[in-house]
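Me: I am new to this kind of model and would like to learn how to read it, one feature at a time. Could you take me through it slowly?

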Amino acid sequence: MVYKWTEFAQQLACPAVCILCGAKGHDGLDLCRGCLGDLPFNHHACQRCALPLPDAAPEDALCGQCQRQPPKFDRCYAPLRYGYPLDHLISNFKFRDRLAQGHLLAGLLGNFLLQQQQCELPELIIPVPLHVSRLRVRGFNQALELARPLGKCFDLPIDNHLVIRNRATSSQMGLDKRARGKNIRGAFELKGKVLARHVAIVDDVVTTGSTVNELAAILRRGGAERVDVWAVARRADNR
Ligand SMILES: [Zn+2]
Ligand SMILES: [Zn+2]
């Protein structure tokens, strides 16, 4: 059974309070109506990879990259553009109060997915794996923290062991799209057969899409027929 996020949040029995200003939360989220309205929503985006597009873009628009060479995933759902104040929420989530911020970010993504009429639910959720060395430093995998409440809300299983990151890639920051693709190639290893036909990969931010593209390719090789990406935010530059 799929709950509305509000119903799901009520089960947690803690009143929603805005993380940014302290006012009463709205729609079951730890954000008030005003602060929610200030978030950079990704209203006009590529229908394949969720790359933010200009406001004048038609609803079914594809970005140039997806027209030339479509990615290995079928569709990326990303309700927000990466920018202020979301960048603060995401960095707080990764480096500070991970549970409250993670629940809020998962709520924003979950509400968005519930609004998508054509969003066919997957059979399995795969959080983007972290290499064990990164996991040791951070102490948790942010993608898994986002996947957990989404799995509960949509009543879907999460597999955190099917794919591992077998290589500690150098940071993708500062690399262009081509260099990111090269950096991430061969970084994941499938540890078994993908028994689900339809899988959703969960991540916090999709930057150029290289990481989720590589992961989608390996899941397809393992037997998945459809791979979607669920991300909280998509960056605007695709270089
Ligand atoms: Zn607020
Ligand atoms: Zn695209």
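Reply: Let us begin with the naming of elements: helices (H or I, at least four residues) and strands (E, at least two) are DSSP runs, numbered from the N terminus. Please keep in mind that this is a predicted model. With that naming, Ala-50 is placed in the loop between α2 and α3 (64-68).

Me: What is particular about the phi of Ala-50, and is Ala-50 buried or exposed?

Reply: Ala-50 has a positive phi of about 70 degrees although it is not a glycine. Buried means under 20% relative accessible area, and Ala-50, at 3% relative accessibility, therefore counts as buried. A positive phi is also found at Asp-27, about 60 degrees, and Asp-27 is not a glycine either. Asp-27 sits in the loop between α1 and α2, where it is partly exposed, with a relative accessible area of 38%.

Me: Which residues coordinate the zinc ion (ligand 1), and why is the arrangement called tetrahedral?

Reply: To read a metal site, one looks for the donor atoms and then for the angles between them. Here the SG atoms of Cys-18, Cys-21, Cys-32 and Cys-35 coordinate the zinc ion (ligand 1) at 2.3 to 2.4 Å. Four donors count as tetrahedral if all angles lie between 85 and 135 degrees, and because the four donor atoms here subtend angles of 102 to 118 degrees, the arrangement is tetrahedral.

Me: How are the donor residues of the zinc ion (ligand 1) spaced in sequence?

Reply: Their spacing is C-x2-C-x10-C-x2-C. Cys-21 and Cys-32 both lie in the loop between α1 (5-11) and α2 (33-37), so this pair ties together parts that are 11 residues apart in sequence. Cys-21 is partly exposed, with a relative accessible area of 47%, whereas Cys-32 counts as buried at 11% relative accessibility.

Me: How many helices and strands does the protein chain have?

Reply: The protein chain has nine helices and seven strands. Its radius of gyration is 17 Å, close to the 18 Å that the globule rule gives for 239 residues, so the protein chain is as compact as a globular protein of that length.

Key. Residues numbered from 1 in each chain as written. Chains lettered and ligands numbered in written order. Predicted model: local features only at pLDDT ≥ 70, side-chain atom pairs only at ≥ 80, totals over all residues. Heavy atoms only, no water. Donors = N, O, S within 2.8 Å, 3.2 Å for Na, K, Ca; no water. Tetrahedral: all angles 85-135°; square planar, octahedral: opposite > 155°, others 65-115°. Buried < 20%, exposed > 50% of the residue type's maximum accessible area, 1.4 Å probe, protein only. Rg over C-alpha atoms; globule rule 2.2 N^0.38 Å.
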